[in-house]
Amino acid sequence: MQLSAAAPLPARRDPAALPRLALTLLALAALWPALRITEFNPAVLFEPGNADTMARFLRQFVPPATAPDFLRLVGRSTLETLAIANVGIALAFLIAFPLSLLTSNALSKSAIGPARDWRARRALRYPGRALLIFLRGIPELVWALLFVRAVGLGPTAGVLALAITYGGMLGKVYAEIYESSATQPARALMQAGAGRLQAFFYGVLPVALPEMVSYTVYRWECAVRASVIMGFVGAGGLGQQLELSMRMLNGAEACTILLTFLLLVLLADAVSALFRRWLA
Amino acid sequence: MNARGLLTLLVLGGLLWMSVAYLEFDTDGLFTLATLASFGRYVAQFFPPDTSGPFLIKLWSGTLETLAISALATLLAAIAGLLIAVPAAGRFGLAPRLAARFVLNALRSVPELVFAALMVIAAGLGPFPGTLALALHTTGVLGRLFAEALENTPREPAEALLHAGSPRIAAFCYGTLPNVLPQCVAYALYRWEINIRMAAVLGFVGAGGLGQMLHVSLSLFQQQQACAVILAMLAIVMLVDEASALLRRRLA
């Protein structure tokens, strides 16, 4: 005490403390409506009914279900999930490729000189872009839910939902890849009188192909994950089994399916990495 | 085309053929005129979207709920993520580091929708379980990103404070945190963008927001209401996309 009186220490308080405190309080005040709207109330978790159900469910996780019949079912669902992802991506490519040709600026003839039909081409380009935005703007889970109502429970809904959403994503990215790769070869071909498709296949595609393949493989990886998740709304595969097991509060089965899902995602990761390295 | 490309195409084609065979599509039933007509009738039921006053008010509150779920979940995840990131960056030695990494990986690899189904079991229907589910998954993602940021930040400022006799917590708050905070905020905002989209669909398993409204209206065969909800989702997704692109261009 006496020491500090003799030679006062510099202030140890953070000079910015007060403004920071004010900012934090302000942020908390802004947060209050969010807490109200989301009915935020952790006490609900510890209400006897809820806590008991949850504890009983989680306790069943160990050991995971390993009955042969059930494992066969899980195996079949896993294959179904993979098949949904494969067919979904293939259909997505069929949607995306023509739309990417239609919407990309890379094949614009009016960019390099007078073109007879530029009005018609532009009139096509904008609806094409709008269609791509519409396809990918609605989440795949919503498409899946809609298709389940239209074509019934099962993998068909998942395949269609994947095809539509991923078609929109692939189409946009393909078009961007054409535009960002070197445009001179295609332009040279078109100036020499080649048609747009010829210019594409000999001028754009050879340059753009590696990037397109690598993005498509990455999307396949996402599709595997998405097809599991879409199962939750009834679109087949592993997710549908997981939803059933969780609804029946069968923790052991849920645990087995979750572990299978994690393995499947790791496997998809590894396959896509290997595939890309093999092509490079 | 070289031999490798041809082989790849053949293998991929084979796999695709096997996948199509495995799914046993009812291709005859799918592409007949009758199915197409019934499909058309189904689509027509969605129009025009329901724009009556009371429903629009409900739609607005559903949109607010979706935004609140995503914002709160991201904030909770940022706080929890930072708390777990400190041990995960190896600040307390090897064992806590491995344990924290395991927790983060586990949280990250379970999809939001699975967490949502779990939380609906734990807390009943409504936006609260949705918030928790989103927060749990996002904690895993942000915690890992934060831990990497902590590992890559220079140690000298905090060490200088420690040598000058400052307590460890103060050294962390004044020596380390200011360096990583901007990056952490950027990551959290980026995740918020993703979470808004996710919060819109989490409701399918009963976790509140626009998703729950869509699920309910589809279950009640109120297709015109469903159409309005889908349009609201589309609007949110596009607005968020545009806003983040604009922000990025401004900040770049």
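How many residues does the contact take from chain A and from chain B?

Author: In this predicted model, the contact takes 39 residues from chain A and 42 residues from chain B. On the side of chain A that touches chain B, the elements giving two or more residues are α2 (17-37), α3 (48-59), α4 (68-103), α6 (140-151), α7 (155-180), α10 (237-247) and α11 (251-279) of chain A. The most is given by α4(A), with six residues.

The C-alpha trace of chain A spans about 90 × 75 × 40 Å along its principal axes. Buried residues account for 37% of the 280 residues in chain A. Of the contacts in chain A with a separation of 6 or more, 76% join residues 24 or more positions apart.

Within chain B, helix α4 (residues 53-88) packs with helix α11 (residues 223-251) at an angle of about 40°, their axes being 11 Å apart. The two helices α4(B) and α11(B) are therefore oblique to each other, and their crossing is right-handed. Here B:F55, B:L59, B:T63 and B:T66 in α4(B) meet B:Q225, B:A228, B:V229, B:A232 and B:I236 in α11(B). The residues of this contact of α4(B) with α11(B) comprise six nonpolar, three polar and no charged.

Conventions
Residues numbered from 1 in each chain as written. Chains lettered and ligands numbered in written order. Predicted model: local features only at pLDDT ≥ 70, side-chain atom pairs only at ≥ 80, totals over all residues. Axes fitted to C-alpha atoms, helices over the stretch in contact; angles between N-to-C directions. Helix = DSSP H or I, 4+ residues; strand = E, 2+ residues; numbered from the N terminus. Parallel < 35°, antiparallel > 145°, perpendicular 65-115°, else oblique. Left-handed = near helix turned anticlockwise from the far one by under 90°. Contact = placed C-beta atoms within 7 Å. Nonpolar A, V, L, I, M, F, W, Y, C, P; charged D, E, K, R; others polar. Buried ≥ 20, exposed ≤ 12 C-beta atoms within 10 Å, placed from the backbone.
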